[in-house]
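Student: I have this one open and have not looked at it before. Can you take me through it?

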Amino acid sequence: MDKIRNIGIIAHIDAGKTTTSERILFYTGKSYKIGDIDDGNTQMDWMEQEKERGITIMSAATTTFWTPKLPDSLYKDSYRINLIDTPGHVDFTAEVERSLRVLDGGVTVLDGEEGVQSQSETVWRQADKYKVPRLCFINKMDKLGADFHATIKDIQEKLGAHTAIMALPIGAENMFKGVVLLLERKSLIWEGDETGAKYTLGEVPEDMKDEVEKYRNELIEQISETDDGLLGKFLEGVEPTVKELKLALRAATIAYKLVPVYSGSSLRNKGVQPLLDGIVDFLPSPLDVPPAEGTLPNSDEKAVRHPDIKEPFTALAFKIQTDPHVGKLTYVRVYSGTLASGSYVYNATRDKQERIGRLLLMHANDREEISEAIAGEIVAIVGLKDTKTGDTLCDKDHPVILEGIEFTEPVISLAIEPKTKADQEKMGVALSRLSEEDPTFKIKTNHETGQTLIAGMGELHLEILVDRMKREFKVEANVGNPQVAYKETITVAGSAEGKYIRQSGGRGQYGHCFLRIKPLGRSEGYKFINSIVGGSIPKEFISPIEKGVKEAMENGVIAGYPLVDIEVELYDGSYHEVDSSEVAFKIAGSMAFQSAVKQSGPIILEPIMKLEITTPEEFMGDVIGDVSSKRGQVLGTSQRGNVRIIQALVPLAELSRYATILRSMTQGRASFYMEPSHYDPVPGNIADKIINKESN
Ligand code: GDP
């Protein structure tokens, strides 16, 4: 287990995450010729799409092996690196969160010219939340304008990280040739830009000696300060050995005290090997991170699972993906015990038994069948039926539910309409498959119009899904404009009768019920209480009534948005010996509910976003003024370096094209991050507009 590194590369779009991942896969051997991926499969489509958009959205795990090669590396054996891909766009927050949940360490890739960009800050903060130890790789040192030290300053100021410079660049821009490893006092110079380019290990270039000594001393002091033993030596003027320093740096990195920083150019194939050594040397193994925590099923009692093969089996499913060759794959991280192919495991989240078909290690270009996976490993399972993202799989005799992955409800939706009859069928399959893979993507049908709505976390999120539907499932569809996902609720209690009686010769219809409804707290959802006594309605008709209520909740009475946060009580009704049927009671339930809602002060709710804007001080007034004009509420401001951070709550409806607006207001110097916060009532005048729009 000490020879496993579960890591993810986290970065701003375009910083070079894909290129760096490709190089890592190449240098770790189990790889393909760069860019040479076999045609025609899903994976290929995926990559095409990512390339075109210049973003990475996959979140699966790729297994590779690396044996540290450079002088004075702490370890010399073959280490398994499980590379978990993380997306860089905020619309895919759920993807980032779920990968951060299962990885042990991260590599933050930065653009050496751009420095720390907004998304780097966002993912950095997410990684802080999950306490993920990190390295930084300052990429694109070959690019015009690349500035290593300015980027270091940026990391310190914007991310508040204590940087430990490990590899100084030799030259910059088109003169970038390689790096100097500070602790080892060695230079690595690559002969050419090709993927397979050899490097030469040599002495520190003459003209860099002073600079190297300066940063090397700083580094030694920094590391020594984190370790009492070394600090004593340092103060006595004795230089610790490189090995001692690396061990201390490993401990300091895992304790989030220091962030080792490397530099290079992935595109020009320079600097990636030292980074790989750094991953093995300084990022934690599964043994170095705290045990997994959870609760026993149906109780609040806490339970922990240590990374120990002798403990009962426990794993977390973090990604479902459809593989063109083997079908549905469930990626899991094993936290304790062992998992064997062909065995039965217990899905504690859903109270279901599951059979493990095959176990696979996913490499860059092939998959390897394995018979067993142990604690600390990340594997893909073939054959699971009911397991969804975030579920816990465990030993039936020692059940536990690990802390799940939290997903926010979708806040934006759009209408989607198949172009032809043939597309209609395919679209159903495609949408359900895609929503299975992505828990933040939801499908709804508007019962009145028959229209299909898809809902997600942001405009880009939905755009990508529609695109995948076209490419992978060959469905042609027309899509509407993105709409804010409003909801409806009630403000006071009310009651109503629902009567559905038809008697016109032969067998009639008879359903009749009385409902009371009252508002619940925000996000409490829905509760159904049956308080029928004395059999005024026979038992078998109760659940049809509830079904009718649930269906009616999908389309509210004001503007057709789903109703939420309501308690419904069924308290009376009547039936007919011959004419009563499930259908009649379902309709009666639905009618009663709708008329009760009409009397209970229905209102529209809108999603409110938590917005965090980072801006130079001079634009603060304008940014705050703009937030206020958007019905926003400033929660507070703070300062970091010479930038101000504004936190606010703003309705999503006011935030369309916010990126462009903010850019032009601040000459492109401000950045923002937003995520859904909660739902609030829509003010009256705006509600009127929404209602008019819906009825037109
Ligand atoms: P991602 O969006 O973070 O996955 O970034 P990509 O790896 O797709 O890279 C974004 C762009 O930057 C592409 O055009 C790459 O060719 C380019 N790029 C990546 N690494 C480097 C580098 O080291 N130097 C230069 N000059 N460009 C790079």
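Student: What classes of residue make up the shell around the ligand?

Tutor: This is a predicted model. In it, the shell around the ligand has nine polar, five charged and three nonpolar residues.

Student: Which residues are the closest to the ligand?

Tutor: D14, K17, T18, T19 and D142 are the closest of the 17 residues that surround the ligand.

Student: And which helix gives the largest share of the shell?

Tutor: Helix α1, residues 17-27, with three residues.

Student: How far is the side chain of T18 from an oxygen atom of the ligand?

Tutor: An N or O atom in the T18 side chain is 2.4 Å from a ligand oxygen. For the side chain of K140, the distance from an N or O atom to an oxygen of the ligand is 3.0 Å. L267 uses its backbone: an N or O atom there lies 3.2 Å from a ligand oxygen.

Student: How much of the ligand's accessible area does the protein cover?

Tutor: The ligand has 570 Å² of accessible area on its own, and the protein covers 77% of that.

Student: Different topic. At what angle do α8 and α9 pack?

Tutor: About 75 degrees, with the axes of α8 (residues 242-254) and α9 (residues 272-282) 9 Å apart. That angle makes α8 roughly perpendicular to α9.

Student: Which residues make the contact?

Tutor: On α8 they are K246, L249, R250, T253 and I254, and on α9 they are V280, D281 and F282. By class, the contact has four nonpolar residues, three charged and one polar.

Key: Residues numbered from 1 in each chain as written. Predicted model: local features only at pLDDT ≥ 70, side-chain atom pairs only at ≥ 80, totals over all residues. Heavy atoms only, no water. Axes fitted to C-alpha atoms, helices over the stretch in contact; angles between N-to-C directions. Helix = DSSP H or I, 4+ residues; strand = E, 2+ residues; numbered from the N terminus. Parallel < 35°, antiparallel > 145°, perpendicular 65-115°, else oblique. Contact = heavy atoms within 4.5 Å. Nonpolar A, V, L, I, M, F, W, Y, C, P; charged D, E, K, R; others polar. Near = heavy atom within 4 Å. Polar contact = N/O pair within 3.5 Å; in protein donor to acceptor, adjacent residues only side chain to side chain. Areas by Shrake-Rupley, 256 points an atom, 1.4 Å probe, with all protein chains shown as cover.
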